[in-house]
Amino acid sequence: MRGPSGGRRRRFDKVRGSSIPFGYERVSGRPALSGRVEVEGVEVSTEHWIGGERVDSDTTFTDVSPIDEEPIAEVARGGVDEANVAVDAAKKGFETWGSMSLKERAEILHRVGELIEERAAEIAKVETRDNGSLLRSMTNSVIPRAGYNFHFFADHLDKLDELEDFDTRGHRNHVSWDPSGVAVVITPWNAPLMLATWRIAPALAAGDAVIAKPPEWAPLTASLLADITRDAGMPDGAFNVVQGIGEEAGAALVAHPDVGRIAFTGSVATGRLVASSAGANLTPVSLELGGKAPFLIFADTDLDAAVKQAVNQFDNAGQVCLAGTRLLVEDAVFDEFLARFTEASEAIRQGDPREETSDIGPLITREHFERVDGFVQRARAEGIEVAFGGGPNEELRGLYYRPTVFIQPPSGSEILQQEVFGPVLTLQRFSGEEDGIAKANDTPYGLSAIVYSGDQEKADRVSSALVAGTVWVNCFYVRDLRVPFGGSRNSGIGREGGFWSFDFYADVKNVVTAPWE
């Protein structure tokens, strides 16, 4: 029987319950509706992709668009049984994929990248409908970047052979990167496909078989990626998608003893649960857990450029883990910056993300909307001054939240310490380098930081003192896949990018050979 996306299809009926280690209760599901759904004119399978087949579950979850809060799909709801079948399928797929030559793997990965680029327009339409990001951004940069991620790691395979052997007292040392088995990749909802490929692409390049668990709040483009891997000629089981709720499907996957690597992007609280579950099996984890980045603006900087970049921190309705949400402005230019920043922010056009005139769209779900609003209302109740915004967009209603800035929150306040993940920034004064650095480092996070200054030596000193995995100086969101990416403190564990990705997804081996007579 042919499945809705052209692959084989079978029914998966659950036959046993599960023990969920994540500490959440199950939510009752709806009867499964097999097949596909049309989203913005693009047909998408709502089923799992396991071992080269489309697979149903006996229940579904509802995927709701943030644009209008209307249901767009009933998606197969996996759990322990689907996770077990996926791991078994991935183990079989690994036998083929992991034994292929680097050249053969690279050819298929390049083909995946090409197909993403060819289908970027339709993928972007689905992504925007599913998660509310701007369509023009998805079309022009974000989805094409997903294709580039596959090209980059396919090309990087050649570099694994470029590392020269080295000599130790006449003994030859040869380092290799061996595939590690089954990798589980649990991905976020703020840029679902692109952020997933940051990890799926290197895991596949390393020779691992991958099981992707996409976000239940925006799951559809992972299904399109499954179609693309099939069309690119990837062996059955090398890439799999298990749809479902994190506390069910995700929990079952990270607890599985046959999983060799786990990569997770999400909240600190869930990251701790993932690490705890993985620790029982000593499964290596790579965790990217968000941030509360400082954006330091020194008096000697180009204030026009700083204001423009500060407004950019509202991008994607503030649902960007790297965003510089804590604006720290030196005393001498604080008032001028506030006036110019307020004027520029008032020009932000909020609306339907499919419209060219929109600058930012909605928050992802009603649950998340209420979480963001809770942060804002608690800060207001504490008496923290609001420069502008401070609540929902009453004109647009729905999940649209006004860009908001709080002025001079007291040290240690929740709005300074916790990641809001919405269009909510704080603005603080600082006097000199020492004070700026102290305030910048005064959070439990350490993912990224931004520094704007006209003095290179000062920028170098400040960057060196900041606790962050990435520091951008007079720029933002420039990421080269050759460099390490990850967070310090509560922002995560591990680094990925270039050789760092292969160090995680592969088993690194050194062979030491004595001189031959």
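This is a short tour of a predicted model, with stops to select one after another in the viewer.

**Stop 1: two helices side by side**

Select residues 120-131, which form helix α3, and residues 220-231, which form helix α6. The two axes come within 9 Å and cross at roughly 155°. Two packed helices are described by the angle between their axes and the distance between the axes. Angles over 145 degrees count as roughly antiparallel, and α3 and α6 are therefore roughly antiparallel to each other.

Which residues make the contact between α3 and α6? On the α3 side, show I123, V126, E127 and D130. On the α6 side, show L220, T221, L224 and I228. Sorted by class, this contact has five nonpolar residues, one polar residue and two charged residues.

**Stop 2**

D231 is partly exposed, with a relative accessible area of 36%. R119 is partly exposed as well, at 23%.

**Stop 3: E118 and R111**

Now select E118 and R111, whose side chains meet in a salt bridge with an N to O distance of 3.4 Å. Are these residues buried or exposed? E118 has 56% relative accessibility and so counts as exposed. R111 has 31% and so counts as partly exposed.

**Stop 4: D331 and R429**

Next, select D331 and R429, another salt-bridge pair, with the closest N and O atoms 3.7 Å apart. D331 is in the loop between β17 (326-330) and α10 (334-345), and R429 is in strand β20, so the pair ties together parts that are 98 residues apart in sequence. D331 is partly exposed, with a relative accessible area of 35%, and R429 is partly exposed at 28%.

**Stop 5: a network of charges**

Side chains of opposite charge can pair when their charged atoms come close. To see a linked set, select E40, D68, R129, D352 and R354, which are joined in a network of salt bridges. How many salt bridges does a search of the whole structure find? The search finds 30.

**Stop 6: a charged residue without a salt bridge**

Go to R479, in the loop between β22 (470-473) and β23 (492-493). R479 is buried, yet it has no salt bridge. The nearest side chain of opposite charge belongs to E496, 6.6 Å away. A salt bridge needs a nitrogen and a carboxyl oxygen within 4 Å. Leaving aside neighbours within four places in sequence, show the residues in contact with R479: R145, W198, F485, E496 and G497.

**Stop 7: a buried phenylalanine**

Select F421, in the loop between α12 (414-417) and β20 (424-430). At 15% relative accessibility, F421 counts as buried. What is F421 in contact with, leaving aside neighbours within four places in sequence? Its contacts are W189, N190, G318, Q319, V320, C321, L363, H368, R371 and V372.

**Stop 8**

Select residues 303-311, helix α9, and find K308 in it. K308 is exposed, with a relative accessible area of 63%. G147 is 161 residues from K308 along the chain, and the C-alpha atoms of the two are separated by 29 Å.

Then move to N316, in the loop between α9 and β17. N316 is buried, with a relative accessible area of 15%. Its phi is near 55°, a positive value in a residue other than glycine.

**Stop 9: another positive phi**

Finish at E69, in the loop between β7 (59-64) and β8 (71-76). Phi of E69 is near 60°, again a positive value in a residue other than glycine. At 30% relative accessibility, E69 counts as partly exposed.

Conventions
Residues numbered from 1 in each chain as written. Predicted model: local features only at pLDDT ≥ 70, side-chain atom pairs only at ≥ 80, totals over all residues. Heavy atoms only, no water. Axes fitted to C-alpha atoms, helices over the stretch in contact; angles between N-to-C directions. Helix = DSSP H or I, 4+ residues; strand = E, 2+ residues; numbered from the N terminus. Parallel < 35°, antiparallel > 145°, perpendicular 65-115°, else oblique. Contact = heavy atoms within 4.5 Å. Nonpolar A, V, L, I, M, F, W, Y, C, P; charged D, E, K, R; others polar. Buried < 20%, exposed > 50% of the residue type's maximum accessible area, 1.4 Å probe, protein only. Lys, Arg positive; Asp, Glu negative; His and termini not counted.
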